[in-house]
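Please consult the structure below alongside the text.

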Amino acid sequence: MALQSLDIKRRSATTTPSPQARETLEVAKLIDVSACIGCKACQAACMEWNDIREEVGTNVGVYDNPNDLTAHQWTVMRFDEVETDDGGLEWLIRKDGCMHCEDPGCLKACPSPGAIIQYSNGIVDFHEENCIGCGYCITGCPFNVPRISKQDGKAYKCTLCSDRVAVGQAPACAKVCPTGAIQFGSKEKMKEYAETRITDLKERGYDNAGLYDPAGVGGTHVMYVLHHADKPALYHNLPKDPTISPTVSLWKGITKPLAMAALGAAALGSLFHYVMKGPNEVSKELEDEMEREDERLRALEKEDAK
Amino acid sequence: MHVSRRGFFKVCAAGMSGSSLVAMGFAPTAALAEVRQFKLAHTTETRNTCPYCSVACGLLVYSIGDGAKNTKAKVIHIEGDPDHPVNRGTLCPKGAGLLDFVSSPARLKYPEVREAGTNEWKRISWEEAYSRITRLMKDDRDANFIEKNADGVTVNRWLSTGFLAASASPSEAGYITHKVVRNLGMLAFDNQARV
Amino acid sequence: MTNTWSDIKNADVVLIMGGNAAEAHPCGFKWVIEAKKLNKAKLVVVDPRFTRSASVADYYAPIRTGTDIAFLGGVINYLLTNDKIQHEYVKAYTDFTFLVDDNFSFENGLYSGYNAEKRSYDKSTWQYQRGADGYVLTDPTLENPRCVYQLMKKHYSRYTPDVVSNICGTPEKQFLKVCEYIASTSGTGRVMTIMYALGWTQHSQGSQIIRTGAMVQLLLGNIGVKGGGMNALRGHSNIQGLTDLGLMTNLLPGYMTLPSEKEADYRAYIDKRAPKPMRPNQMSYWQNYEKFHVSLMKAWYGKAATADNNWCYDWLPKLDKPHDVLQVFEDMYHGEVNGYFCQGFNPLAAFPNKHKLNTALAKLKYLVIMDPLATETSEFWKNYGDLNDVDTASIQTTVFRLPTTCFAEESGSLVNSARWLQWHWKGAEPPGEAKPDTEIMAGLHLHLRELYKKEGGAFPDPILNLDWPYKMPHEPSSEELAKEFNGKALEDLADPADPTKIIRKAGEQLDGFAQLRADGSTACGCWIFAGSWTQAGNQMARRDNSDPYGDGQTQNWAWSWPANRRILYNRASADPSGKPWDSKRRLVWWDGKKWAGDDVPDFAPASAPEVGMGPFIMNPEGVSRFFARDMMVEGPFPEHYEPTETPIDVNPMNNNPQAIYNPASRIFKGDLENFGTSAEFPYAGTTYRLTEHFHYWTKHVHINAVLQPQQFVEIGEGLAHEKGIANGDQVQVSSKRGYIRAVAVVTKRIRALKVNGKTVHQVGIPIHWGFLGQAKAGYIANTLVPFVGDANTQTPESKSFLVNIEKI
């Protein structure tokens with residue numbers, strides 16, 4: 001199977017260009033929040049198919065369990081109780097997990113060659129064999145999705161069941177979804193289907209129903225139909241206009257040529273560090289520093305804007 | 001936008017260390033990219049029905065092996081049957097977790113007895129279980145069977161032993177259970193429908 | 001279910017009340033979402049809590065638990081006063097025109113004939129008026145004040161919107177909005193379906209709540225049509241099958257009933273169950289009772305059952321009273337039961353009042369558990385601290401635990417909620433020495449037979465003569481047993497219309513229950529399953545999912561009882577002249593010579609509309625009943641009674657102290673003292689399940705234990721504030737029967753209700769925890785539930801009782 005099952009479009013920390021001659025179908029998963037009952041069948045199917053089991057946790061006063069994404073729980077339901085203006089109630093339930101960005105921040109931030117792959121069908125996949133556990137993917141992700149495993153120190157997240165998709169099957173979560181709130185198909189078909197749902201929701205009084213396919217990350221291969229597309233934050237702080245962290249963008253964008261020049265010296269330093277202290281410690285240290293840097297840059301940007 | 005020199009180098013270092021490692025022959029593994037193999041390719045698929053609620057979703061049960069004599073089938077995955085007109089391949093969180101039911105550590109494996117007053121289970125053989133249970137049944141039935149009531153009417157009932165029947169066993173099990181239990185004259189007989 | 005799961009997609013309005021389909025039946029609920037997509041259907045949810053079903057509903061209204069009759073009675077009043085009923089349907093297909101006994105009455109909460117001491121009724125006045133010809137008198141003008149329509153109108157005129165709101169706590173505006181949605185289906189062009197479950201059954205007046213729902217559907221003409229019906233969403237995969245097969249104290253297979261000890265005479269037993277039609281030209285299908293009964297006795301006793309011994313009638317045990325589970329545990333509690341079997345059943349967790357159950361089980365001499373999993377019941381004798389605080393050494397019960405197969409390890413059929421018998425195949429070997437239930441039952445029978453053969457003993461005849469024709473007597477196969485309940489010819493069967501023709505030769509499988517005979521020439525273990533395994537093979541294993549009419553009936557998928565019919569009472573989908581009410585929803589129709597259609601007609605196939613046979617062929621009336629005659633214990637029309645433990649102490653519908661709660665419910669001595677009062681336990685508790693779990697099974701399943709790991713209770717923000725409880729706090733919920741401890745989930749989804757001038761808080765109690773399993777150990781929720789059942793079915797009142805809650 002190897003490389004032939006899915007064509008690779010991008011590969012982390014790799015300069016060799018990927019093959020581009022074949023045009024494969026772009027796929028997408030559409031999550032129709034208006035049909036989601038928060039049953040967690042997707043969570044169960046994800047655990048079962050991917051052979052991952054989180055530990056049995058505790059109840060902290062909410063239905064969200066496990067309480068957050070983990071290396072063993074690649075999707076979780078986020079429950080929010082929102083009171084409406086007319087005294088009614090909406091129980092907004094959003095399936096959280098990897099959005100499979102067209103412009104993946106995780107992949108851009110990843111320093112380990114081939115640890116993060118984007119297939120030509122749009123799936124962004126982690127290949128843990130190559131993961132050094134530095135955690136940069138977390139910093140690079142505008143949706144706070146990847147998690148480092150306590151067991152092996154490597155990063156894990158939803159693969160969009162690339163193994164199933166590779167043989168023509170839908171991801172486990174999409175197939176299992178009892179109410180059809182999760183649909184899977186070509187991105188084009190998913191957008192068409194979303195339109196029918198949005199029309200229906202508007203007829204039912206949700207004037208601001210719409211599709212969530214944020215442009216800031218080049219669109220996503222996991223999209224939402226929201227009843228309140230004008231207020232994505234209602235759905236457990238879904239970012240209104242997600243973008244890749246400026247540090248990561250900068251590295252991959254304007255400064256790349258400069259970086260190439262600087263590579264020699266920097267890489268040697270890094271190698272030394274890697275050999276001496278091992279990847280995990282490096283990751284923690286570098287990540288902290290990178291985050292501090294991010295903060296500083298954001299502050300500077302704000303000042304610039306003034 | 002400003003980027004400090006220090007920050008820039010940090011980013012560079014992080015971003016390219018891997019590449020540089022590869023270039024220098026230090027790669028931990030070859031940077032091959034492949035998806036996980038599709039794990040069901042040569043498993044045996046069996047049609048089944050979900051044992052939980054009465055939507056009765058169609059299941060596909062996947063077991064290791066092809067049924068050959070020397071292969072012991074073991075269920076490794078369960079998903080919805082797309083042909084089924086009600087669930088159409090979908091399942092609920094219980095159905096989607098059925099694999100862990102089949103292989104639950106709480107599954108009972110051997111007949112056991114807890115003797116009166118003791119605090120533990122003791123493994124016994126099926127034959128011992130059958131003979132001890134039926135001995136208790138017969139002694140109780142023979143002692144307490146009511147052939148005629150106070151008015152002399154034939155009633156042929158046995159009230160001092162009762163039976164609660166399963167709600168997830170096949171109808172064939174239900175049928176034979178009814179046949180055997182009622183035949184003994186039992187009336188304290190019910191199933192989960194009551195609650 | 002009168003209809004099928006996939007038929008729900010044909011609805012225009014879906015009412016979910018007394019259930020939470022999204023939570024408990026997500027894959028069936030998908031057809032609600034489909035109805036929304038395909039028909040722009042509206043989903044309306046009425047529930048004490050804003051549930052997962054409510055989260056995708058078009059409209060939600062709150063209701064106080066246990067007050068559904070008041071709500072639905074109000075709906076009936078709304079439909080009648082606003083003339084939102086399907087006139088032709090109710091006039092032709094219900095008892096609207098039937099005249100009722102002049103002495104029947106209802107006054108201040110009680111019907112005529114009440115005996116306060118016995119807490120039961122003399123039901124002799126709960127009857128129709130009969131003419132000299134024996135038929136029921138009717139008034140087609142509907143003007144006679146004694147006709148069912150007039151009596152019903154009067155009865156429910158008391159359920160005005162303000163009265164409903166006062167009892168249910170539903171704001172009047174919201175109640176009326178629900179009425180509007182429901183009433184929108186009164187014409188022939190629109191249909192509503194009702195989906196309910198244990199939220200209606202687990203009350204002391206549960207059966208009457210369900211009747212009230214059915215009455216609403218009848219008024220709207222929504223029974224017997226696509227997208228309509230009364231759809232009971234059953235809880236377990238084969239609970240329908242087990243009920244169909246009669247595994248209950250008073251039943252025989254196929255809803256035949258055991259004789260009582262007052263029925264020593266075989267002929268009288270049969271005649272009582274084979275009623276003559278109450279109106280001219282009606283079918284009254286139960287007139288065939290004897291054919292079903294004799295065929296059953298032939299299946300059980302073979303050659304031993306003869307006309308001379310009344311087909312072994314004396315061998316059937318005769319009831320002194322029903323021995324339902326509450327009765328049995330009551331007797332066990334008093335030391336009158338020595339042995340008990342639990343086959344795939346965990347009564348310690350499932351039945352009410354754990355303390356009483358523990359005490360009862362400890363008085364058994366022997367307990368036999370057959371289960372794939374380690375249940376709490378099997379370890380009732382073991383001390384688990386506060387969760388099961390028992391004195392092990394003093395418990396003298398011998399407990400046997402026999403491991404059984406689970407679904408993946410056995411073949412056979414399960415009957416789903418829509419009455420489909422679906423075959424499944426074995427996919428793996430069981431763990432260790434686990435055996436299927438069929439084999440265990442055979443083992444018990446054969447060992448007992450051997451003992452009785454050797455030693456003799458009490459009345460051995462049935463044991464020695466039970467027909468046991470299985471090729472491997474210790475392992476009867478599912479195939480053999482399925483063929484047996486379908487039935488076969490014991491002799492060549494001649495065609496009644498042309499005796500020279502043989503329709504089935506001796507030994508052949510039967511095609512359906514129409515071929516059954518009362519002369520001993522047929523054997524059939526369950527008449528309603530006749531047709532499931534015919535001479536053509538196993539019909540339950542059929543897998544053709546084509547849907548030629550696009551209506552979701554999939555006639556060739558598996559097999560549905562009765563007679564592969566998918567929608568019950570489908571004759572009512574056509575008007576009296578045999579023409580479908582709605583051409584878009586046509587189901588069966590009169591084609592000039594016979595009944596034809598998309599579904600198997602639920603009717604005499606050649607009975608022309610002019611004959612006037614009614615669509616409810618099992619009823620001797622031929623029509624459906626608003627007036628239940630003497631068939632319910634607490635009255636012919638449903639009336640609101642408070643839960644046995646009421647948070648408001650009074651029944652606002654009357655001022656009769658005898659009629660606060662169900663006046664005819666069975667209350668055991670000793671349990672009365674175990675009922676709490678609102679002074680001590682001020683909040684309305686209600687138990688329910690969560691979608692992540694299945695009863696007490698999935699706490700043994702790692703994946704599900706992860707999804708919902710720890711026991712919790714839900715309370716509204718108002719109550720939390722009053723009691724100083726914060727989200728995530730540990731709380732103790734107590735009732736008169738005991739207490740449980742759990743995490744508090746404080747939510748906006750449960751709101752305080754204004755009821756009869758009082759603020760009523762409700763406490764939600766999910767059930768799934770116990771002292772065994774992979775999920776965090778927890779308390780058995782049924783510890784709190786009172787030991788009282790629905791007056792007709794004895795289903796425990798797990799949905800409405802009184803509790804207190806405190807932070808710990």
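The points below are grouped by chain and by contact.

The model is predicted: local features need pLDDT of at least 70, side-chain atom pairs count only at pLDDT 80 or more, and totals for chains, interfaces and linings use all residues. Residues are numbered from 1 along each chain as its sequence is written, and chains are lettered from A and ligands numbered from 1 in the order in which they are written.

- Helices (H or I, at least four residues) and strands (E, at least two) are DSSP runs, numbered from the N terminus.
- In strand 5 (residues 116-119) of chain A, Ile116(A) and Gln118(A) point one way while Ile117(A) and Tyr119(A) point the other way, and all are buried.
- A residue is buried if 20 or more other C-beta atoms lie within 10 Å of its own, exposed if 12 or fewer, and partly exposed in between, with C-beta atoms placed from the backbone.
- In a regular strand the side chains alternate between the two faces of the sheet.
- Strand 5 of chain A pairs in the antiparallel sense with strand 1 (residues 8-11) of chain A over three bridges; two strands pair if DSSP finds at least two bridges between them.
- Strand 5 of chain A also pairs in the antiparallel sense with strand 6 (residues 124-126) of chain A, over three bridges.
- Gln118(A) stands opposite Arg10(A), and in strand 6 of chain A its bridge partner is Val124(A).
- The hairpin of strands 5 and 6 of chain A has four residues between the strands, and Gly122(A) takes a positive phi near 105° there.

**Chain A: helix 1**

- Nine of the nine residues of helix 1 (residues 41-49) of chain A are buried, so this helix is largely enclosed by the rest of the structure.
- Among these buried residues are Cys42(A), Gln43(A), Cys46(A), Glu48(A) and Trp49(A).
- Asp51(A), which follows helix 1 of chain A, has a positive phi near 55°.

**Chain B: overall make-up**

- Chain B contains five helices and nine strands, which run α-β-β-β-α-α-β-β-α-β-β-β-α-β from the N terminus on.
- Of the 195 residues in chain B, 57% are buried.
- Among contacts in chain B with a separation of 6 or more, 32% join residues 24 or more positions apart; two residues are in contact if their C-beta atoms, placed from the backbone, lie within 7 Å.
- Glu127(B) lies in helix 4 (residues 126-144) of chain B and is exposed, with 11 other C-beta atoms within 10 Å.
- Glu127(B) and His84(B) are 43 residues apart in sequence and 41 Å apart in space, C-alpha to C-alpha.

**Contacts between chains**

- In the contact of chains B and C, 101 residues of chain B meet 136 residues of chain C.
- The side of chain B that touches chain C has 50 nonpolar, 29 polar and 22 charged residues; Ala, Val, Leu, Ile, Met, Phe, Trp, Tyr, Cys and Pro count as nonpolar, Asp, Glu, Lys and Arg as charged, and the others, Gly among them, as polar.
- Strand 4 (residues 112-114) of chain B and strand 14 (residues 398-403) of chain C run antiparallel and are joined by three bridges, with Arg114(B) opposite Val399(C).
- Chain C has 35 residues in contact with 32 residues of chain A.
- Helix 2 of chain C gives the most to the side of chain C that touches chain A, with six residues.
- That side of chain C divides into 18 nonpolar, nine polar and eight charged residues.

**Chain C: packing around helix 7**

- The axes of helix 4 (residues 68-81) and helix 7 (residues 161-168) of chain C come within 9 Å and cross at roughly 165°.
- Helix 4 of chain C is therefore roughly antiparallel to helix 7 of chain C, a term for angles over 145 degrees.
- Axes are lines fitted to C-alpha atoms, for helices over the stretch in contact, and angles run from 0 to 180 degrees between N-to-C directions.
- The residues making this contact include Phe71(C) and Gly74(C) of helix 4 of chain C and Val164(C) and Ile167(C) of helix 7 of chain C.
- The contact of helix 4 with helix 7 of chain C comprises six nonpolar, one polar and no charged residues.
- The axes of helix 7 and helix 8 (residues 172-183) of chain C come within 9 Å and cross at roughly 115°.
- Helix 7 of chain C is therefore roughly perpendicular to helix 8 of chain C, a term for angles of 65 to 115 degrees.
- Pro161(C), Asp162(C), Val164(C) and Ser165(C) in helix 7 of chain C meet Glu172(C), Phe175(C) and Leu176(C) in helix 8 of chain C.
- The contact of helix 7 with helix 8 of chain C divides into four nonpolar, one polar and two charged residues.

Conventions. Parallel < 35°, antiparallel > 145°, perpendicular 65-115°, else oblique.
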